[in-house]
Each structure stands twice: as structure tokens, then as C-alpha cells.
Amino acid sequence: MLVSAKEMLEKARAGKYAVGQFNINNLEWTKSVLLTAQELQSPVILGVSEGAGKYMTGFKTVAAMVKAMIEELNITVPVALHLDHGSYEGCYKCIKAGFSSIMFDGSHYPIEENIEKTKELVKVAHAMGLSLEAEVGSIGGEEDGVVGLGECADPNECKAIADLGVDFLAAGIGNIHGKYPENWPGLRFDVLEGVKAAVGELPLVLHGGTGIPEDMIKQAISLGVAKINVNTECQLSFAAATREYIEAGKDQQGKGFDPRKLLAPGAEAIRATVKEKMELFGSVGKA
């Protein structure tokens with residue numbers, strides 16, 4: 001059964017660890033993440049961007065697949081199905097489709113409009129038992145065609161959004177989506193401390209978890225980050241393992257071209273990456 005992410009993140013915040021959000025792109029991705037969470041007894045958040053939702057033919061398909069898979073694989077750890085960087089319209093589609101959590105990314109709107117739309121969605125989501133994540137200060141890099149420059153969040157704006165009753169907050173602290181450039185200056189912990197002081201015990205979210213050094217991840221968790229998003233790293237692991245399989249000519253041996261065999265090394269590589277992240281975030285055994 002799907003759960004909202006509220007309780008798992010409040011526990012993580014209090015216990016000084018973080019729950020990973022692993023974005024899913026297809027059946028292999030979903031299965032790999034769920035099996036690893038079950039094996040490690042870790043709560044988990046399955047993230048779905050609007051682009052990935054469209055690729056998988058729609059949010060209803062995604063929700064039906066995830067719910068059926070939880071049942072068929074006997075997954076007993078807490079699982080939240082979460083819309084990642086949702087538009088206003090996308091949030092309503094996911095609420096209807098049966099997601100258990102949504103992120104409304106209103107960071108590109110003027111702050112007044114972001115507040116107005118977030119306030120409305122908090123009310124709707126909470127009435128349905130869903131958790132809601134909001135964003136202040138855009139996250140750098142590109143996510144489904146939305147390019148952010150990595151602006152740092154204003155703690156006062158964070159407080160204004162937090163006061164609307166959101167369940168967790170993504171605040172830009174110099175983090176970016178995708179691979180980090182060599183000249184990246186690192187996370188702005190001064191900004192994170194300012195945000196934490198403004199919003200109190202509200203769990204914070206770190207987007208763009210791929211490529212942030214481990215010591216920075218641990219420091220962010222100590223300062224109130226309870227959810228860390230991972231997407232690119234799983235994609236890179238999957239691609240590398242698939243390339244290795246094909247370059248070794250294994251797809252030409254026997255029935256090595258069978259998609260179940262062809263995609264297996266990539267699926268295993270995703271599992272290894274998810275395991276590594278859950279261990280780093282401290283969520284192992286916390287289900």
C-alpha cells in the first residue's frame with residue numbers, strides 16, 4: 001500500500017537520516033528500487049517527473065503499475081509515489097491518478113503566485129491524505145526542459161511557504177540537477193542554516209543528489225535535510241552496465257538479445273546504486 005511521505009520524513013528529520021527519492025522511468029527501474037528498499041528495510045520515495053509519466057503513457061499507468069508491483073513482490077516497507085517538479089495541472093492529474101505525494105514546483109512564479117497556488121494545493125492534497133512538497137529558489141540544471149540557474153532560496157520566502165502547511169520544502173542551496181561541473185563551488189550551508197532557522201522542524205529536501213560529495217550530504221542531513229533526490233546516478237549506472245553487456249557481445253550469444261537478459265545488468269546496476277545511496281543517507285533498517 002502506498003503511503004504519504006509526511007510520516008517517513010518527519011521520522012527521518014528526528015532521527016538525523018534522509019529518505020532517498022529515486023526517480024523511476026520504467027518497469028525495471030521500479031522493480032529495482034522496490035526490491036532494494038525491501039532488502040535493506042528502508043522506507044523509499046518513488047519519484048516521477050512529468051516527462052517520465054508521459055513516457056510511461058500517463059500517471060494512471062504509473063500508479064497502477066506501482067501498486068500492483070508492491071502487492072506482487074510482497075513489499076512491506078513504506079513506499080510513497082511522488083510527483084517530482086510538478087506543474088499546477090500535473091499535480092491535479094497525479095491526485096486523480098492515485099499518487100500518495102506530490103511536489104508543486106512554483107519556484108518560477110512570482111512569490112505571491114507561488115504562495116497562492118501552493119496554499120490551494122496543500123488544502124486539496126491534505127483532504128485526500130497526500131503529502132505536499134513545495135519549492136523556493138529554483139534548482140540549477142535541467143529537469144524535463146525546465147532550466148534553473150541554481151538560485152539560492154530566500155529564508156523569508158521559505159517561511160512564507162512553510163507557514164502554508166506544506167509537509168516538506170525544497171530550498172535551492174546551490175544544488176543542480178544532473179552532473180555537477182568541475183568548477184561547482186559546493187552547497188551553500190550558510191543558506192541552509194538560514195532556511196532551517198526560518199522554517200523550524202520542517203523536513204527539507206535536497207534535489208540534485210547525484211555527484212554531491214559524501215561529506216556535504218552528511219552535513220546537509222545534520223542541518224535538517226530529510227529527503228534526497230537521486231535520478232542521474234541511476235541512469236548513468238544503467239547505461240554503463242548495458243553498454244558493457246553489448247560491447248562484450250553478450251547480446252549475440254544464445255538468446256542474449258532477449259530484453260529480459262539485455263536489461264538485467266542495468267537493473268542490477270540500479271540496485272547497487274540505490275543500495276549505496278540508502279547506506280549513505282542512513283535509511284537502512286528504518287522501515
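Helices α2 and α4 are oblique to each other, since oblique covers the angles left over once those under 35 degrees count as roughly parallel, those over 145 as roughly antiparallel and those from 65 to 115 as roughly perpendicular. The model is predicted; local features need pLDDT of at least 70, side-chain atom pairs count only at pLDDT 80 or more, and totals for chains, interfaces and linings use all residues. Residues are numbered from 1 along each chain as its sequence is written, and side-chain values use heavy atoms, with hydrogens and water left out.

Two packed helices are described by the angle between their axes and the distance between the axes. For α2 (residues 27–40) and α4, the angle is about 40° and the axes lie 11 Å apart. Axes are lines fitted to C-alpha atoms, for helices over the stretch in contact, and angles run from 0 to 180 degrees between N-to-C directions. The crossing of α2 and α4 is right-handed, that is, the near helix is turned clockwise from the far one by less than a right angle. On the α2 side, Leu27, Thr30, Lys31 and Leu34 take part. They meet Met65, Val66, Met69 and Ile70 of α4. Contact means heavy atoms within 4.5 Å. Helices (H or I, at least four residues) and strands (E, at least two) are DSSP runs, numbered from the N terminus.

Eight strands close into a barrel, in the order β1-β2-β3-β4-β5-β8-β9-β10. The pairing is parallel; two strands pair if DSSP finds at least two bridges between them. Neighbouring strands of this sheet are turned by 25° against each other on average, direction ignored. Helix α2 lies across β1 (19–23), β2 (44–49) and β3. It runs at about 165° to β2. Helix α9 (residues 214–222) also packs on the sheet, where it touches β9 and β10 (225–230). The direction of α9 makes about 140° with that of β10.

Strand β8 (residues 168–171) points Phe168 and Ala170 one way and Leu169 and Ala171 the other. All four are buried, meaning under 20% relative accessible area, with exposed over 50% and partly exposed in between (1.4 Å probe, protein chains only). Strand β5 (residues 131–136) pairs with β8 in the parallel sense over four bridges. In this pairing, valine 136 stands opposite alanine 171. Strand β9 (residues 204–206) and β8 are also parallel, over two bridges. Leucine 169 faces leucine 204 of β9, and alanine 170 faces valine 205. From β8 the chain crosses through helix α8 (residues 189–199) to β9. This β-α-β crossover is right-handed: with the strands pointing away from the viewer, the path from the first strand over the helix to the second runs clockwise.

Most residues other than glycine have a negative phi. Asparagine 74 has a positive phi, near 55°. It is found in the loop between α4 (59–72) and β3 (79–86). Asparagine 74 counts as exposed because its relative accessibility is 56%. Histidine 85 also has a positive phi, near 50°, but is found in strand β3. Its relative accessibility is 14%, so histidine 85 counts as buried.

Asparagine 25 lies in the loop between β1 and α2. At 17% relative accessibility, asparagine 25 counts as buried. Neighbours within four places in sequence aside, asparagine 25 is in contact with Ala52, Tyr55, Met56, Asn231 and Gln235.
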